[in-house]
Amino acid sequence: MSFSSLPLSRRGLLAAGGAVAAGAVLSACGGKDDDTSTPAASAAAGPWTFTDDQPKELKADKSPSKIVAFTGTAAALVDLGLQDKIVGVFGETKKADGTAEAQAGSLDISKVEIVGNAWGEFSVEKYAALTPDLLVTHQFDPGAYWYVPDESKDKILAVAPSALITVGRVPLNKPIERYAELAKSLGADLNSATNVAAKARFEKAATDLSAAAKASGGLKVLFGSGAADIFYVSSAAVSTDLMYFKELGVDLIMPEVKGADYYESLSWENADKYQADVIFLDARTGTLQPKDLTSKPSWNALPAVKANQIFPWQAVPIFSWNGAAPLLEAITAAITKSKKVV
């Protein structure tokens, strides 16, 4: 995938989405959730209701059992215990060598139909053939369906009801909470040993990051993404993960952005506009990595590069306790091992 096809400009490239009519009724579905002896089983048995972040109220006689989701969304729902309900995914899922992309998390990609494996890819035919009960994806901007192509959006949304969870302009913990609420409505047991342990790990990771930031001596931290001609500097004013890191005390460089933009675009000649002690570089497939940037003098001249204080950043988090804890832990480890150089 070329860098130009990446959805870095979330506001500009996201499909402006209309909503499926409020109160859409999902088709009744069969499944394994007939045991109503536990709260989770009762939720799965129905009736089912959930209000997403558009906001739109969804109702059905029974909980959806066939879900198609953006890959990162599916990974979050799997972490919460819903692997068996995920039948299809869209978004970067499988690498060229057949292994799973990082945003697939704990999702077993061999058990799902991949209806699209890159930005702009979404097979309406494959999606419809799955006879889904529900489509779920992120909402970075109001009404915008993450990774649902604008040109086929109407056809896709006509197949099944859909739900959006806001993951922009709110701190990281908020979409994590909302995906947990959605998963609970779909039958996940948030009080399971796995989920309780995952939540505790996430909370500890947040506490540890806050402590590391405080002890760092004021390290200046920049989050960015590399392309052939542009260095994108991300803003904590809108990016949910960066917003949360800043709330926890990380001293983030705030780029000059226009309106609600997610980043500032710098030519490589101007890549030294912001001097950082530490740089976290977008690690997604299709972005340039440190080894790809060695031919750019401006990159090599950056203080963080000279100090070898460059670390990978998964720019679209998995919004679950289990998925996000490693992200916080990685930021903490990087800050802890780094030193002031500017």
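**Buried helix and ring pairs in a predicted model**

Visitor: Which residues of helix 8 are buried?

Guide: In this predicted model, the buried residues of helix 8 are Thr240, Asp241, Leu242, Met243, Tyr244 and Phe245.

Visitor: What makes helix 8 mostly covered?

Guide: Helix 8 spans residues 240-247, and six of its eight residues are buried. A residue counts as buried when its relative accessible area is under 20%. The cover over these buried residues includes helix 6 (173-185), helix 7 (193-215) and helix 11, along with strand 9 (221-226), strand 10 (230-234) and strand 13 (310-313). After helix 8 comes Gly249, with a positive phi near 110°.

Visitor: Why is the pair of Trp119 and Trp146 called tilted?

Guide: The ring centres of Trp119 and Trp146 are 5.7 Å apart and the planes make an angle of 55°.

Visitor: Why is Trp119 called partly exposed, and why is Trp146 called buried?

Guide: Trp119 has a relative accessible area of 21%. Buried requires under 20% and exposed over 50%, so Trp119 falls in between. Trp146 has 0%, which is under 20%, and therefore counts as buried.

Visitor: Why is the pair of Phe122 and Tyr127 called edge-to-face?

Guide: The planes of Phe122 and Tyr127 are at 75°, with 5.4 Å from centre to centre. An angle over 60 degrees counts as edge-to-face, so 75° qualifies. Both Phe122 and Tyr127 are buried.

Visitor: How many residues does the largest nonpolar core have, and which have the most contacts inside it?

Guide: The largest nonpolar core has 87 residues, and those with the most contacts inside it are Ile86, Phe90, Phe202, Phe223, Phe245, Phe280 and Leu328. Helix 11 (residues 321-337) supplies the largest share of this core, eight residues. Another core, of 17 residues, lies apart from it and has Ile253, Ala271, Ile279 and Leu302 among its members.

Terms used. Residues are numbered from 1 along each chain as its sequence is written. This is a predicted model: local features need pLDDT of at least 70, side-chain atom pairs count only at pLDDT 80 or more; totals for chains, interfaces and linings use all residues. Side-chain values use heavy atoms; hydrogens and water are left out. Rings of Phe, Tyr and Trp (its six-membered ring) pair if their centres lie within 6.5 Å; planes under 30 degrees apart count as stacked, over 60 as edge-to-face and the rest as tilted. Buried means under 20% relative accessible area, exposed over 50%, partly exposed in between (1.4 Å probe, protein chains only). A nonpolar core is a set of buried Ala, Val, Leu, Ile, Met, Phe, Trp, Tyr and Cys residues joined through side-chain atoms within 4.5 Å. Helices (H or I, at least four residues) and strands (E, at least two) are DSSP runs, numbered from the N terminus. Contact means heavy atoms within 4.5 Å.
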